Amino acid sequence: SIMPATLSAISNAARNGILFKGGVHIENLSNVKAIALDKTGTLTNGTPHVTDIHFAKEIDEHYALQVINAIEKESTHPLAQAIVNYTKEEQRRSDLLVENMQEEVGKGVSATIDGDNWVVGSGNFFNQRSDADWYNAIAEKLATEAKTVVYIAKNNEVVGLIALKDDVRNDTIKAIQSFKKAGIHTIMLTGDNETTAQAIAEEAQLDGYIANCMPADKVTEIKKLKEKYTHVAMIGDGINDAPALATADIGIAMGAGTDVALETADIILIKNKLKKITNAIQLSTRMNRIVK
Ligand code: ADP
Ligand code: MG
C-alpha cells in the first residue's frame with residue numbers, strides 16, 4: 001500500500017506539472033547521481049528552423065527542393081517538419097513519384113525518385129563519395145554555430161546541405177546549474193554530430209556529451225552511467241529515447257514528447273519545464289525524511 005506521505009507528494013507534484021507513475025519513483029528521485037539528457041526537444045525547444053541552404057553548382061535547385069519536400073513530407077521528425085515548412089508552395093509537387101521511402105531513426109530518410117536514390121539525413125547515413133568534398137568546410141562552420149547539418153545526397157553524392165537551428169529552451173541553463181549544485185553529473189546523449197553536440201553542450205553548460213548516439217548507443221551509455229553513478233535518470237522526448245528511458249533507473253519524458261516516450265517514462269514533465277525536476281528532487285528528499 002502507498003504511504004500517505006508519498007500520496008501527498010504525488011498530488012503536490014501533479015499540481016506543479018510533474019506526473020509520477022508510481023510512489024517508488026518519487027522515493028528514488030533523491031538518490032539520482034547522474035542525469036542524461038537528449039538534445040532535440042529536451043535541452044532544446046524541438047522546433048528547429050532552416051537557417052542556411054547550400055547546393056552543389058551543377059544542381060537544379062528548384063528540382064532538388066521539390067525532391068526534398070516530397071521526401072521529408074513523409075517523416076514526422078522535427079527536422080523534417082521544419083524543412084517541409086521552409087520549402088515554398090511552388091516546391092510542393094504532388095505528382096513526384098516517391099518509391100522505396102525509408103526512414104531510419106536517428107539518421108534520416110531515403111527514397112527513389114525518377115530512378116535516382118536520394119538521401120536526406122546525417123553525414124553517417126550513407127557512404128559519402130570522397131571526391132565530392134565541396135561541402136566539408138561549410139558543414140564544419142555551420143556545426144560550430146550549433147546548427148544541425150542535414151545532408152542531401154543523390155546516388156551517394158552530396159549535392160546539398162541544409163542547416164537548422166533549434167534554440168536551447170529558456171530554462172535549460174538554470175535547470176542544469178541546479179542539477180550540478182545538487183551534486184548531480186549532467187550529460188547529453190544526442191544523435192547529432194560531434195561539433196554541433198559540443199556547441200550545444202557548452203551553451204547548456206553540461207558536464208559532458210556523447211555525439212552520434214543511436215538509440216542502442218543511448219542504452220549502452222545509460223548502462224555505463226549506472227555502473228559509475230548507481231542511480232541514473234534519463235530525460236528524453238523521442239522514439240529514439242524510449243529504450244534509454246526504460247534502461248535508466250528513472251525515465252523522464254517531456255510532456256510534448258512522442259507517445260512511446262510518454263508510455264515508457266516513469267515521470268512526465270507536463271509543461272516541458274526541466275527546472276521542475278529540481279523541485280521534484282527536493283520534494284523526494286523531504287518525503288524520504290518524513291517516511292524514514
Ligand atoms: P537527437 O538525438 O538530437 O534528438 P535524432 O537522433 O532524432 O536527434 O537525429 C539525429 C540526426 O539524424 C539528426 O541530427 C539529423 O542529422 C538526422 N536525421 C534524423 N531524422 C531526420 C530526418 N527526418 N530528416 C533529416 N535528418 C534527419
Ligand atoms: Mg529528442
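I begin with asparagine 155, which is placed in the loop between strand S7 (148-154) and strand S8 (157-165). Helices (H or I, at least four residues) and strands (E, at least two) are DSSP runs, numbered from the N terminus. The structure is a predicted model, in which local features need pLDDT of at least 70 and side-chain atom pairs count only at pLDDT 80 or more, while totals for chains, interfaces and linings use all residues. Residues are numbered from 1 along each chain as its sequence is written, and chains are lettered from A and ligands numbered from 1 in the order in which they are written.

I turn now to the domains. The domain assignment gives domain 1 (4-45 + 168-291) and domain 2 (49-165); such bounds come from an automatic or database domain assignment. The C-alpha centres of the two domains lie 31 Å apart. Across the boundary, 15 residues of domain 1 are in contact with 13 residues of domain 2, where contact requires C-beta atoms, placed from the backbone, within 7 Å. Which elements give two or more residues to the side of domain 1 that touches domain 2? They are helix H3 (39-43) and helix H8 (194-204), and H8 supplies the largest share, 5 residues. By class, this side has 5 nonpolar, 8 polar and 2 charged residues. Here Ala, Val, Leu, Ile, Met, Phe, Trp, Tyr, Cys and Pro count as nonpolar, Asp, Glu, Lys and Arg as charged, and the others, Gly among them, as polar.

H8 also packs with H6, at an angle of about 15 degrees and with their axes 7 Å apart. Axes are lines fitted to C-alpha atoms, for helices over the stretch in contact, and angles run from 0 to 180 degrees between N-to-C directions. H6 and H8 are therefore roughly parallel to each other; angles under 35 degrees count as roughly parallel, over 145 as roughly antiparallel, 65 to 115 as roughly perpendicular and the rest as oblique. In this pair, Glu140, Ala143 and Thr144 of H6 meet Thr195, Thr196 and Ala199 of H8, a contact with 2 nonpolar, 3 polar and 1 charged residues.

Leucine 142 is placed in helix H6 (residues 136-144). Leucine 142 counts as buried because it has 23 C-beta neighbours inside 10 Å. Not counting residues up to four places away in sequence, leucine 142 touches Asp52, Lys147, Val149 and Ala163.

The second pair is helix H4 (residues 61-72) and helix H5 (residues 78-86), which pack at about 140 degrees with their axes 9 Å apart. H4 and H5 are therefore oblique to each other. Ile68, Asn69 and Glu72 in H4 meet Ala80, Ile83 and Val84 in H5.

Definitions and conventions: Two residues are in contact if their C-beta atoms, placed from the backbone, lie within 7 Å. A residue is buried if 20 or more other C-beta atoms lie within 10 Å of its own, exposed if 12 or fewer, and partly exposed in between; C-beta atoms are placed from the backbone.
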